[in-house]
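Dear colleague,

I am passing on the structure below, and I would be glad if you looked through it alongside the notes that follow.

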Amino acid sequence: MGEEQLRSLSEAVIQGDPDRARDLAGKVLAAGADPLEVVETVLSPAMDEVGRRYEEGDYFIPDLVMAGEAMKAAMAVLGPALTARHQSRSYLGTVVIGTVQGDIHEIGKSLVATMLEAAGFQVHDLGVDVPPERFVATTKEVGADVVGLSALLTTTMRNQEVVIEALREAGLRDRVKVIIGGAPASPEWAERIGADAYAENAREAVEVVRRLVRQ
Amino acid sequence: MRPTIRFLDAETVEQVVAEAVDLLANPGVRVHSDRALALLGDHGAQVDMEGRIARIPAPLVEKALATAPHSFHLYDADGRPAVHYGGDDVHFDPGSAAIEILDYGATASRAPVTADFVRYIRLAESLEAMDAVSTALVCADVPEEIADLYRLYLVLRYARKPVVTGAFAVETWHVMKDLLAVTARGEEALAERPTAVFDVCPSPPLLWSEITCENLMDCARYRIPAELVSMPLAGATGPVTLLGAVVQHAAESLSGIVIHQLTEPGAPIVWGGSPAAFDMRTGTTPMGAIETMMIDCAYAQVGKHLGLPTHAYLGMSDAKVVDAQCGFESGIGAVLGALAGINMISGPGMLDFESCFSLEKLVIDAEIVGMAKRLVAGIAQRETPIALEVIRAVGHAGNFLAHPHTRRWFREEQFIPSEVVDRDFRRNWEAKGSKDAWTRAHERVEALLAAHQPRELPPEVLSELESITLRAAQAAGMDRLPPLPN
């Protein structure tokens, strides 16, 4: 296995080329690479580089999203190999995220999910119009550290509170941190409904979730 | 001649419409209303009730376009036609619906309450530049369940101008219709001379939520004008190419027209929208971006090609305070919208991605609107010959002020701004306190509010408005309506 292939894999992630990333991940495995080592010494640093370029203004959101897709494509190949060797990738934490019931707005929530993944979190994106029970069930199932609740409408934002209440009733509230976001939400609203944090945008969300899992 | 702006050639407009019609057949639209799906199915659309997808064939689109009216009027409280939706007529109304308000001099916004709404509506009613008013603020001091209808109640108490509004739920639309019917003296009279238009917003891409779809059909049934507000976000919930966003806008809007016209052929409907560019650095939807304005003007051109009345959200800014960005973004948008001949331009007063309202900005924007309207009135030839006589008469002495020609024409030739626009000598400006536009606007806000006489409603109409609103409030758990300021 050549250094060259590993460099190309890193490059494919940074350039946001999922097809090439999948292809190269297969090649380095076939050449006998250790999948965990590939994840930790190639893919994670590549995503760090993507994050750095975004912070510095060279990269934009589509660059970030496509790099995330390339990372996923590579992991689709490396993941089963990790499992086969009883290895597991280390994450900064596990996040369950979704847009609350009655609300079908996806974009902001998906952006946060992508940026969290890029930052090294394991993210379970439940999609939109998510009933409280699903937040609770998934939180329990995956042992989430953080639950992210999105709402775009003033009419649906109170369902953020409903989910927090449901987590409390299920006895999970003390074990997870809750972060909320979306156009009508605010730090005051977060406090009022008993959330742990609010983030104004996807970048801030990553910072806040990093802080939450350290607490 | 009237100056105009066009972004698309005829062939491109045809191509946009053709692709939009194709999209309605494949992949079709997702419709979260069984009533609408059944209606579409009955008229030849291929409906998947399980997946809630309707594939609409081209002939159905053509049929709907054939019955949609090319123009209609909105009426004021006195039954006078005040707004003409049609042709290249241009009107402005304040943007909506803000969940924040920015006080004069503040850097932080806050949630608006009833007293703010009353100040807003009295101001909007006072400003001649506003041809209609909107239900611009969402009041935080009433339950969310009645937030939509409560705004309309306040508007109807204070304003005589036509209203641009919208409902947040299926049931509240009917309460809002009742409020309008009370002031119009009956549902028939309201249908004859509508005083309001309801915004209905499909969700990009190609989706109708239950609320908006039911609102759309209810508008048709009662023949209260509906304004389609399709809002692809270019690069996020729609194609990043400006023309691609226009195609998606057309597909979503055409699907709305089909549902609407199948419900009630001939009911009035507007080709409106609120698309936006997508900021690739911050993930926001800048309403003051030049690309947002270009998409607006281009879709309006498509609407005109289809013979439909048009609307757009323009004249807004993403600035957080009343500053230079606030002025230039609002100015560019209002001017482009006017040049594009958009019938109703919603936006004045609005900051921060369509979320925050400023009374001072509304007053500044009224000046922009005055200039935009002057612009599209164009350069006229007042006399024949144009100026031979007056220039010869004045001769080399050069004082046109002393010739009657000047006094005869200056009021028609010039838009005369209020003192919000500073055109004074520097010394005078300093003598008056060296005030910037925000401060001058604030003074005008206070002066206009002090002078405004609210609408006087007949006692029986007033009490009926109150009791309808109170009933809704009580159902939402609020015993009494908030007191109104004097």
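Predicted model: local features only at pLDDT ≥ 70, side-chain atom pairs only at ≥ 80, totals over all residues.

B:Arg52 is found in the loop between strand E2 (46-48) and strand E3 (53-55) of chain B, and its phi is positive, at about 60°, although it is not a glycine. Another positive phi, near 50°, belongs to B:Ser434, which is likewise a residue other than glycine; B:Ser434 lies in the loop between helix H15 (426-431) and helix H16 (437-451) of chain B and is exposed, with 9 other C-beta atoms within 10 Å.

Two peptide bonds in chain B also deserve a mention. The bond from B:Ser96 to B:Ala97 is cis, with omega near -5°, and B:Ala97 sits in the loop between strand E6 (91-93) and strand E7 (100-101) of chain B. B:Pro204 and B:Pro205 are joined by a cis peptide bond with omega of about -5°, and B:Pro205 is found in the loop between strand E10 (196-200) and strand E11 (207-208) of chain B.

Turning to chain A, 5 strands form an open sheet with parallel pairing, in the order E2-E1-E3-E4-E5. Strand E2 (122-125) and strand E5 (197-198) of chain A each have a single partner strand, so one side of each is left without a neighbour in the sheet. Helix H5 (residues 107-119) of chain A packs on this sheet, touching strand E1 (94-99), E2, E3 and E4 of chain A, and its direction makes about 165° with that of E1(A).

Best regards

Terms used:
Residues numbered from 1 in each chain as written. Chains lettered and ligands numbered in written order. Pairing = 2+ DSSP bridges. Helix = DSSP H or I, 4+ residues; strand = E, 2+ residues; numbered from the N terminus. Contact = placed C-beta atoms within 7 Å. Axes fitted to C-alpha atoms, helices over the stretch in contact; angles between N-to-C directions. Buried ≥ 20, exposed ≤ 12 C-beta atoms within 10 Å, placed from the backbone.
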